[in-house]
Amino acid sequence: MHKKTDLRILRTKQSIRRAFYELIQEKGYEAITIQDIADRAIINRNTFYLHYQNKPDLLETCINELLSELKEAVVLCPVSTNPFSISILETVMTTVLEHISSHKTFYYAMLIEENRIYQFRTKMENIIKDKLNEGWNTDKVNAPLEISKELLLEYLVSAFMGIVIWWIRNDQPLSVEEASSQFSRIITYGHLKAAGGRVED
């Protein structure tokens, strides 16, 4: 009986969240009401309040749980003394895109166009930045960087998120593997060389 109850609660929460994500895409977060969510999830308002205090509580719970899953997956990516190597970049991008593929509606709702949730993008960027910065130890680097490490991290994270958003917006036009490989080659070799063009001084 307890298992049945747990499954019922799980299904209800999944229905609420799925309805919430769909409505964010359609109307934007601010325009959604609790009644909208209840109607879409085919529950009554009282059932919603059994699980969430209000709309901000639902949003915060969704963001924290999904980003915790993402962080756990990214943390498992290998780290070397060169966190900007092609293999590290490709592995981190692959991990992120695979996670997005499993939660497409959520990420679309959080990141795309005028209905996006800005706090979500900032938190996601911080996860990527922390990973790329992990293991960085100047004592193990043969020579100091010729540019600011902070500037380099900002550049990489901006490029990373740009690819992620393009990939989601265009309904995943490249496979996870191909998008990750092309991204890491562009970052490592520069856009002209990665595209097969001639590089001139």
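Guide: A pocket here is an open set of points on a 1 Å grid over the protein atoms alone, where a 1.4 Å probe fits and protein lies on both sides within 12 Å along at least five of seven lines; lining residues have an atom within 4 Å of a point. The model is predicted, so local features need pLDDT of at least 70 and side-chain atom pairs count only at pLDDT 80 or more, while totals for chains, interfaces and linings use all residues. Residues are numbered from 1 along each chain as its sequence is written, and side-chain values use heavy atoms, with hydrogens and water left out.

Visitor: Hello! How many helices and how many strands are in the chain?

Guide: Helices (H or I, at least four residues) and strands (E, at least two) are DSSP runs, numbered from the N terminus. Reading from that end, the order of elements is α-α-α-α-α-α-α-α-α-α. The count is therefore 10 helices and 0 strands.

Visitor: What volume does the largest pocket have?

Guide: Its lining includes Gln14, Arg17, Arg18 and Tyr21, along with Glu65, Leu66 and Glu69. Ser102, His103, Lys104, Thr105 and Phe106 are also among the residues that line it. Volume is the space filled by probe spheres set on the grid points, which are joined across faces, edges and corners. The value comes to about 240 Å³.

Visitor: Which helix gives the largest share of that lining?

Guide: Three helices each supply at least two lining residues: H1 (2-27), H4 (55-75) and H6 (104-111). The largest share is 4 residues, and the helix that provides them is H1.

Visitor: Which residues have the most contacts inside the largest nonpolar core?

Guide: A nonpolar core is a set of buried Ala, Val, Leu, Ile, Met, Phe, Trp, Tyr and Cys residues joined through side-chain atoms within 4.5 Å. In soluble globular proteins, nonpolar side chains tend to be buried together. Here the largest such core holds 55 residues, and those with the most contacts inside it are Phe20, Val96, Met110, Leu111, Phe120, Met124 and Val164.

Visitor: Which helix supplies the largest share of this core?

Guide: At least two core residues come from each of H1, H2, H4, H5 (86-102), H6, H7 (118-133), H8 (149-169) and H9 (176-189). The largest share is 10 residues, and it comes from H8.

Visitor: Is Phe20 buried or exposed?

Guide: Buried means under 20% relative accessible area, exposed over 50%, and partly exposed in between (1.4 Å probe, protein chains only). Phe20 sits in helix H1. Its relative accessibility is 0%, so Phe20 is buried.

Visitor: Within what arc do the buried residues of H2 fall?

Guide: The buried residues of H2 (residues 34-41) are Ile34, Ile37, Ala38 and Ala41. Viewed down the helix axis they line one face, because they fall within an arc of 95 degrees. An α-helix has 3.6 residues a turn, so residues three or four places apart point the same way. One of the four, Ala38, is 18 residues from Phe20 in sequence, with a C-alpha distance of 9.2 Å; the arc asked for is 95 degrees.

Visitor: Where is Gln172 found?

Guide: Gln172 has a positive phi of about 55 degrees, although it is not a glycine. At 25% relative accessibility, Gln172 counts as partly exposed. Its place is the loop between H8 and H9.

Key:
The arc is that of the directions from the helix axis to the C-beta atoms.
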